[in-house]
Amino acid sequence: MNSLFLARYQQIGILVVALILLFLVVFVVLEYTRKNRTSPKAKENFRQRNLPTLEKGKVELYVGNLVYEMTDEQLYAEFAKFGVVDSAHVVSDRRSGRSKGYGFVTMSHREEAMIAIDKLNNFEYKGRRMRVNESRPNTRREI
């Protein structure tokens, strides 16, 4: 009978220790996330530092869901129909050299860029619908 009580108390003791450890883990995680939250002002400063450095009036467009055979020249030609294109670049894998299926186009005038977005977003090119919108700054942080 005595050993039965001891076994029960051991189980309760193990349960209490497990609950305390769980509480500590949750507390540490919550405290860590609270300390690492950034203020809206810090986020805005980060965005301002990482905006693409384009000349006034120029617009950089992100073009996604491209066919893998698309070249820089073909991308340039598609956007040149709508205005002055400064550059067009299809991003490719460093190792294989194969297209990653997206690229960037820089256009000289915002109005022309907006027309290109309007006409080419969801435009089917060789069986794939392109996604076109204004590019956002790269938000990856350097470690």
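This is a predicted model: local features need pLDDT of at least 70, side-chain atom pairs count only at pLDDT 80 or more; totals for chains, interfaces and linings use all residues.

Residues are numbered from 1 along each chain as its sequence is written, and side-chain values use heavy atoms, with hydrogens and water left out.

Now the sheet. Four strands form an open sheet in the order S2-S3-S1-S6, with antiparallel pairing; two strands pair if DSSP finds at least two bridges between them. S2 and S6 are the edge strands, each pairing on one side only. From one strand to the next the twist averages 20 degrees. Between S1 and S6 there are four bridges, and Gly64 has Arg131 in S6 as its bridge partner.

Two helices lie across these strands. H3 lies across S1, S2, S3 and S6, at about 140 degrees to S2. H4 lies across S1, S3 and S6, at about 155 degrees to S6. Axes here are lines fitted to C-alpha atoms, for helices over the stretch in contact (heavy atoms within 4.5 Å), and angles run from 0 to 180 degrees between N-to-C directions.

Which residues touch the most other members of the largest nonpolar core? They are Leu61, Val63, Leu75, Phe79, Val105, Met107 and Val132, in a core of 20 residues. A nonpolar core is a set of buried Ala, Val, Leu, Ile, Met, Phe, Trp, Tyr and Cys residues joined through side-chain atoms within 4.5 Å. The largest share, four residues, comes from H4. Leaving aside residues up to four places away in sequence, Phe79 touches residues including Leu61, Val105, Ala116 and Val132.

Last, H4 itself. Its buried residues are Ala113, Ala116, Ile117 and Leu120, buried being under 20% relative accessible area and exposed over 50%, with partly exposed in between (1.4 Å probe, protein chains only). They sit on the same side of H4, because they cover an arc of only 100 degrees around the axis, taken from the directions from the helix axis to the C-beta atoms. Glu111, Asp118 and Lys119 are exposed on the other side of H4. Just after H4, Asn122 has a positive phi of about 70 degrees.
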